[in-house]
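Student: Please take me closely through one part of this model: the place where chains meet. One connected answer will do.

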Amino acid sequence: MRIGIVRGHVTLNLAVDAFRGKTLVVLEPVTMENLAAGNGLGGGKALVAIDELGAAEGQMVAFTEGREAANPFWPKSVPADAYCSLIVDSIDIQS
Amino acid sequence: MFLARICGTVVAPVKHSTLGGCRFLVAQRLEADGSVAAEPIVVVDWLGATNGCTVLVSTDGDIARARLGNNTPARMVVAGIVDAVQTAASRRGENA
């Protein structure tokens with residue numbers, strides 16, 4: 001999983017059936033530098049992920065990428081490659 | 001699989017239902033020259049890795065699926081805690 005900050009939500013007009021009713025969030029991945037500084041900045045390339053936890057804008061989440069992102073919908077087949085697995089409350093960094 | 005260094009812990013009360021009770025650690029992927037990647041990753045740990053540990057991370061979800069069920073989104077798992085890495089540089093006594 002990588003760590004990202006929720007920057008917004010995506011609403012689809014037309015979509016494949018598997019995406020009906022799914023919440024999509026725009027995530028900005030966080031670099032180690034920004035995470036250690038705790039400055040609320042991301043720094044990575046933005047991506048869209050499915051969110052079932054109800055993450056709000058500005059919240060930090062950890063998201064799974066790849067084939068495993070579709071596992072929560074098993075045995076249904078959903079063409080997702082990013083999924084919010086946890087909403088981060090706090091991170092304790094010790095370098 | 002790749003090597004990573006553990007550098008922190010994650011507290012996340014809200015998570016996918018299969019992830020209850022899991023230990024989440026922040027790690028940085030190690031490059032061949034000993035430097036670390038810019039973006040941190042979150043790994044699931046059952047072996048008891050601590051801060052500063054070098055670990056072997058598997059990006060295959062099979063380990064997590066076997067433990068947490070087919071529905072789990074967990075993917076990166078600590079598959080081993082590294083004792084020693086031998087490279088040409090380390091054999092020469094550099095970068096020990």
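**The chain A–chain B contact**

Tutor: Strand E6 of chain A and strand E1 of chain B (residues 2–11) pair in the antiparallel sense, over 4 bridges. Pairing here requires that DSSP finds at least two bridges between the strands. Strands (E, at least two residues) and helices (H or I, at least four) are DSSP runs, numbered from the N terminus. This is a predicted model, in which local features need pLDDT of at least 70 and side-chain atom pairs count only at pLDDT 80 or more, while totals for chains, interfaces and linings use all residues. Residues are numbered from 1 along each chain as its sequence is written, and chains are lettered from A and ligands numbered from 1 in the order in which they are written.

Take one bridge. Ile91(A) has Val10(B) as its bridge partner in E1(B).

Now widen the view. In total, 29 residues of chain A are in contact with 28 residues of chain B. Contact means C-beta atoms, placed from the backbone, within 7 Å. On the chain A side, E1 (2–10), H1 (32–37), E4 (60–65), E5 (82–87) and E6 (90–93) each supply at least two residues. By class, that side has 16 nonpolar, 9 polar and 4 charged residues. Nonpolar covers Ala, Val, Leu, Ile, Met, Phe, Trp, Tyr, Cys and Pro; charged covers Asp, Glu, Lys and Arg; the others, Gly among them, are polar.

Next, Ala62(A). Leaving out residues up to four places away in sequence, Ala62(A) touches residues that include Ile3(A), Leu86(A), Val10(B), Ala12(B) and Val42(B). Ala62(A) is also among the residues with the most contacts inside the largest nonpolar core, along with Val61(A), Ala27(B) and Val43(B). That core has 48 residues. A nonpolar core is a set of buried Ala, Val, Leu, Ile, Met, Phe, Trp, Tyr and Cys residues joined through C-beta atoms within 7 Å. Buried means 20 or more other C-beta atoms within 10 Å of a residue's own; 12 or fewer is exposed, and in between is partly exposed. In soluble globular proteins, nonpolar side chains tend to be buried together.

Follow Val42(B) and Val43(B) into strand E4 of chain B (residues 41–45). In E4(B), 5 of the 5 residues are buried, so the strand is largely enclosed by the rest of the structure. Ile41(B), Val43(B) and Asp45(B) point one way, Val42(B) and Val44(B) the other. Strand E3 of chain B (residues 23–29) runs antiparallel to E4(B), joined by 5 bridges. There, Ala27(B) stands opposite Ile41(B).

Methods: Contact = placed C-beta atoms within 7 Å.
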